[in-house]
Amino acid sequence: GQQEPEPEPEPEPEPEPELSVGTRKVMAETMCLRGNARAELGRNGDAAKDYYGAVDYDPECALAHHCIGTMLVAEGHNLGEAIRELDLAVQLQPQMMVAHLQLAAVHTQLEEHELAAACLTTCIEQAGDDPRRLWAF
């Protein structure tokens, strides 16, 4: 018997080119928006994948952390993780009033009224002399 020749080894896949920081940021925000659309359609599992995928693209995407926190609040469990995500969102983007408001709502739900008041005070201070900014959300 003849031995069969050894099969050719598979060629190594080409490494994916590294994405620029700007591209990663745009990709993360776009994934958040798609996640929001999917959530509106009731496709919460797909929305969650988009939000966490956005963080993979850009760990400093405040919008992604806000979306994850809001999703966790809507699910009604793991409010501690929701607070961590929302806290991270406001650390990354302090002017994101909607994250401060969501954080205040969670603290109120947990009867952490001092923390809720602090979040709302931040919103009032950021609104400055234009309280209409509070209605933008």
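These exercises work through a predicted model of one protein chain.

**Exercise 1. Fold content**

Which secondary-structure elements does the protein chain hold, and in what order do they run from the N terminus?

*Solution.* Start with the count. The protein chain has 7 helices and 0 strands. Then read from the N terminus: the order is α-α-α-α-α-α-α. Now test the spread. The radius of gyration is 21 Å, well over the 14 Å that the globule rule gives for 137 residues, so the protein chain is more spread out than a compact globule. Finally, take the box along the principal axes. The C-alpha atoms fill roughly 85 × 30 × 25 Å.

**Exercise 2. Burial, contacts and surface**

*Solution.* Buried residues come to 32% of the 137. Next, the contacts with a separation of 6 or more: 40% of them join residues 24 or more positions apart. Then the surface. Last, the charges. There are 9 positive and 25 negative ones, and their mean positions lie 8 Å apart.

**Exercise 3. Histidine 107**

Where is histidine 107 found, and is histidine 107 buried or exposed?

*Solution.* Histidine 107 sits in helix H5, which spans residues 97-109. Second, apply the cut-off: buried means under 20% relative accessible area. Histidine 107 has 7%, so it is buried. Third, list its partners, leaving aside neighbours within four places in sequence. Histidine 107 contacts Ile83, Glu112, His113, Leu115, Ala116 and Cys119.

How values were computed
Residues numbered from 1 in each chain as written. Predicted model: local features only at pLDDT ≥ 70, side-chain atom pairs only at ≥ 80, totals over all residues. Heavy atoms only, no water. Helix = DSSP H or I, 4+ residues; strand = E, 2+ residues; numbered from the N terminus. Rg over C-alpha atoms; globule rule 2.2 N^0.38 Å. Buried < 20%, exposed > 50% of the residue type's maximum accessible area, 1.4 Å probe, protein only. Contact = heavy atoms within 4.5 Å. Lys, Arg positive; Asp, Glu negative; His and termini not counted. Charge placed at Lys NZ, Arg CZ, Asp CG, Glu CD.
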